[in-house]
Amino acid sequence: MGRAAVLSGDERLEPLSGKAAALLCYLAYQGDWVRRDDLLYLFYPDQTEREARGNLRPLLSKLRRLAHAEALEVEAARLRWQVETDVAAFNLALEERRPAEALALYRG
(Lines give C-alpha, C1' and ligand atoms only; values in the text may rest on other atoms or scores of the structure.)
Protein backbone atom coordinates (compact mmCIF):
# COMPACT_ATOMS: atom_id res chain seq x y z
CA MET A 1 0.00 0.00 0.00
CA GLY A 2 2.74 2.36 -0.97
CA ARG A 3 2.98 3.74 -4.49
CA ALA A 4 0.82 1.96 -7.02
CA ALA A 5 2.74 -0.72 -8.91
CA VAL A 6 2.06 -3.76 -11.01
CA LEU A 7 3.94 -6.88 -10.01
CA SER A 8 4.36 -9.99 -12.11
CA GLY A 9 5.92 -12.60 -9.88
CA ASP A 10 8.90 -10.80 -8.38
CA GLU A 11 9.21 -8.42 -11.33
CA ARG A 12 8.02 -4.82 -10.93
CA LEU A 13 6.58 -3.66 -14.26
CA GLU A 14 6.94 -0.19 -15.72
CA PRO A 15 4.28 1.98 -14.07
CA LEU A 16 1.78 3.88 -16.13
CA SER A 17 0.93 7.49 -15.60
CA GLY A 18 -2.05 9.74 -16.01
CA LYS A 19 -5.55 8.47 -16.65
CA ALA A 20 -4.34 5.04 -17.77
CA ALA A 21 -2.78 4.39 -14.37
CA ALA A 22 -5.72 5.91 -12.54
CA LEU A 23 -8.18 3.73 -14.45
CA LEU A 24 -6.27 0.51 -13.76
CA CYS A 25 -5.87 1.41 -10.09
CA TYR A 26 -9.56 2.18 -9.80
CA LEU A 27 -10.57 -1.07 -11.48
CA ALA A 28 -8.13 -3.10 -9.37
CA TYR A 29 -9.46 -1.47 -6.21
CA GLN A 30 -13.09 -2.11 -7.18
CA GLY A 31 -12.33 -5.76 -8.00
CA ASP A 32 -15.62 -6.21 -9.82
CA TRP A 33 -17.59 -4.87 -12.76
CA VAL A 34 -17.70 -1.10 -13.15
CA ARG A 35 -20.21 0.55 -15.44
CA ARG A 36 -18.76 2.60 -18.30
CA ASP A 37 -21.18 5.40 -17.43
CA ASP A 38 -19.64 5.63 -13.96
CA LEU A 39 -16.16 5.84 -15.48
CA LEU A 40 -17.28 8.60 -17.82
CA TYR A 41 -18.43 10.63 -14.85
CA LEU A 42 -15.26 9.95 -12.84
CA PHE A 43 -12.69 10.53 -15.56
CA TYR A 44 -14.39 13.10 -17.77
CA PRO A 45 -16.79 15.04 -15.54
CA ASP A 46 -16.68 18.27 -17.58
CA GLN A 47 -17.33 16.67 -20.95
CA THR A 48 -20.51 15.69 -22.72
CA GLU A 49 -21.31 12.00 -22.72
CA ARG A 50 -20.36 11.76 -26.39
CA GLU A 51 -16.99 13.47 -25.82
CA ALA A 52 -16.29 11.36 -22.74
CA ARG A 53 -17.06 8.11 -24.58
CA GLY A 54 -14.81 9.27 -27.41
CA ASN A 55 -11.97 9.77 -24.91
CA LEU A 56 -12.56 6.54 -23.00
CA ARG A 57 -12.34 4.33 -26.11
CA PRO A 58 -8.68 5.08 -26.96
CA LEU A 59 -7.73 4.86 -23.30
CA LEU A 60 -9.21 1.36 -23.11
CA SER A 61 -7.52 0.44 -26.37
CA LYS A 62 -4.18 1.53 -24.90
CA LEU A 63 -4.75 -0.55 -21.77
CA ARG A 64 -5.75 -3.65 -23.71
CA ARG A 65 -2.36 -3.65 -25.45
CA LEU A 66 -0.47 -3.85 -22.15
CA ALA A 67 0.82 -7.30 -21.27
CA HIS A 68 0.14 -6.83 -17.57
CA ALA A 69 -3.46 -5.79 -18.23
CA GLU A 70 -4.33 -8.94 -20.17
CA ALA A 71 -6.97 -9.80 -17.55
CA LEU A 72 -8.82 -6.57 -18.36
CA GLU A 73 -12.37 -7.55 -19.31
CA VAL A 74 -14.25 -5.07 -21.48
CA GLU A 75 -17.91 -5.35 -22.36
CA ALA A 76 -20.23 -2.87 -24.03
CA ALA A 77 -21.57 -1.41 -20.79
CA ARG A 78 -19.01 -2.41 -18.17
CA LEU A 79 -15.45 -3.49 -17.49
CA ARG A 80 -13.33 -5.01 -14.76
CA TRP A 81 -9.77 -5.95 -13.91
CA GLN A 82 -9.73 -8.68 -11.30
CA VAL A 83 -6.25 -8.86 -9.87
CA GLU A 84 -4.87 -9.45 -6.41
CA THR A 85 -4.23 -6.22 -4.55
CA ASP A 86 -2.57 -5.38 -1.29
CA VAL A 87 -5.57 -3.18 -0.47
CA ALA A 88 -7.92 -6.16 -0.65
CA ALA A 89 -5.50 -8.23 1.45
CA PHE A 90 -5.27 -5.37 3.97
CA ASN A 91 -9.06 -5.07 4.22
CA LEU A 92 -9.46 -8.84 4.60
CA ALA A 93 -6.86 -8.94 7.37
CA LEU A 94 -8.72 -6.17 9.20
CA GLU A 95 -12.08 -7.91 8.76
CA GLU A 96 -10.61 -11.13 10.11
CA ARG A 97 -9.01 -9.27 13.02
CA ARG A 98 -5.42 -9.92 12.00
CA PRO A 99 -3.91 -6.46 12.63
CA ALA A 100 -0.28 -7.60 12.45
CA GLU A 101 -0.81 -8.91 8.90
CA ALA A 102 -2.64 -5.72 7.94
CA LEU A 103 0.19 -3.52 9.24
CA ALA A 104 2.79 -5.64 7.43
CA LEU A 105 1.10 -4.74 4.13
CA TYR A 106 1.35 -0.99 4.73
CA ARG A 107 4.37 0.53 2.98
CA GLY A 108 3.27 4.16 2.62
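Q: To which atoms are the lines called helix axes fitted, and over what stretch?
A: This is a predicted model. In it, angles between axes run from 0 to 180 degrees, taken between N-to-C directions. For helices, the axis covers the stretch in contact, and the line is fitted to the C-alpha atoms.

Q: At roughly what angle do the axes of helix 1 and helix 3 cross?
A: The two axes come within 10 Å. Their crossing angle is roughly 75°. Angles of 65 to 115 degrees count as roughly perpendicular. Helix 1 is therefore roughly perpendicular to helix 3, with the axes crossing at roughly 75°.

Q: By class, which residues make up the contact of helix 1 with helix 3?
A: Helix 1 brings K19, A20, L23 and L24. Helix 3 answers with L56, L59, L60, K62 and L63. Sorted by class, the contact has no polar residues, 2 charged and 7 nonpolar.

Q: How are helix 2 and helix 3 set to each other: roughly parallel or roughly perpendicular?
A: Their axes come within 10 Å. They cross at roughly 100°. That value lies in the range of 65 to 115 degrees, so helix 2 and helix 3 are roughly perpendicular.

Q: How do the residues of the contact of helix 2 with helix 3 divide?
A: From helix 2 come R36, D37 and L40. They meet E49, A52, R53, L56 and L60 of helix 3. No polar residues take part, and the division is 4 nonpolar and 4 charged.

Q: What order do the elements of the protein chain run in from the N terminus?
A: The chain has 5 helices and 5 strands. Of its 108 residues, 27% are buried. From the N terminus on, the order is β-β-α-β-α-α-β-β-α-α.

Q: Which residues of the largest nonpolar core touch the most other members?
A: This core holds 20 residues. Helix 1 (18-30), helix 2 (36-43), helix 3 (49-64), strand 4 (72-74) and strand 5 each give two or more residues to the core. The members with the most partners are L23, L27, L56, L72, L79 and W81.

Q: Is L27 buried or exposed?
A: L27 sits in helix 1. Beyond its neighbours within four places in sequence, L27 contacts V34, L72, L79, R80 and W81. Its relative accessible area is 0%, and under 20% means buried. L27 is therefore buried.

Q: What distance separates the C-alpha atoms of L27 and Q82?
A: L27 and Q82 are 55 residues apart along the chain. Among contacts between residues at least 6 apart in sequence, 54% join residues at least 24 apart. For L27 and Q82, the C-alpha separation is 7.7 Å.

Q: What does L42 count as: buried, partly exposed or exposed?
A: L42 has its place in helix 2. Its C-alpha atom is 9.6 Å from that of L23, 19 residues away along the chain. The relative accessibility of L42 is 43%, between the 20% and 50% limits. L42 therefore counts as partly exposed.

How values were computed
Residues are numbered from 1 along each chain as its sequence is written. This is a predicted model: local features need pLDDT of at least 70, side-chain atom pairs count only at pLDDT 80 or more; totals for chains, interfaces and linings use all residues. Side-chain values use heavy atoms; hydrogens and water are left out. A nonpolar core is a set of buried Ala, Val, Leu, Ile, Met, Phe, Trp, Tyr and Cys residues joined through side-chain atoms within 4.5 Å. Buried means under 20% relative accessible area, exposed over 50%, partly exposed in between (1.4 Å probe, protein chains only). Helices (H or I, at least four residues) and strands (E, at least two) are DSSP runs, numbered from the N terminus. Contact means heavy atoms within 4.5 Å. Angles under 35 degrees count as roughly parallel, over 145 as roughly antiparallel, 65 to 115 as roughly perpendicular and the rest as oblique. Ala, Val, Leu, Ile, Met, Phe, Trp, Tyr, Cys and Pro count as nonpolar, Asp, Glu, Lys and Arg as charged, and the others, Gly among them, as polar.
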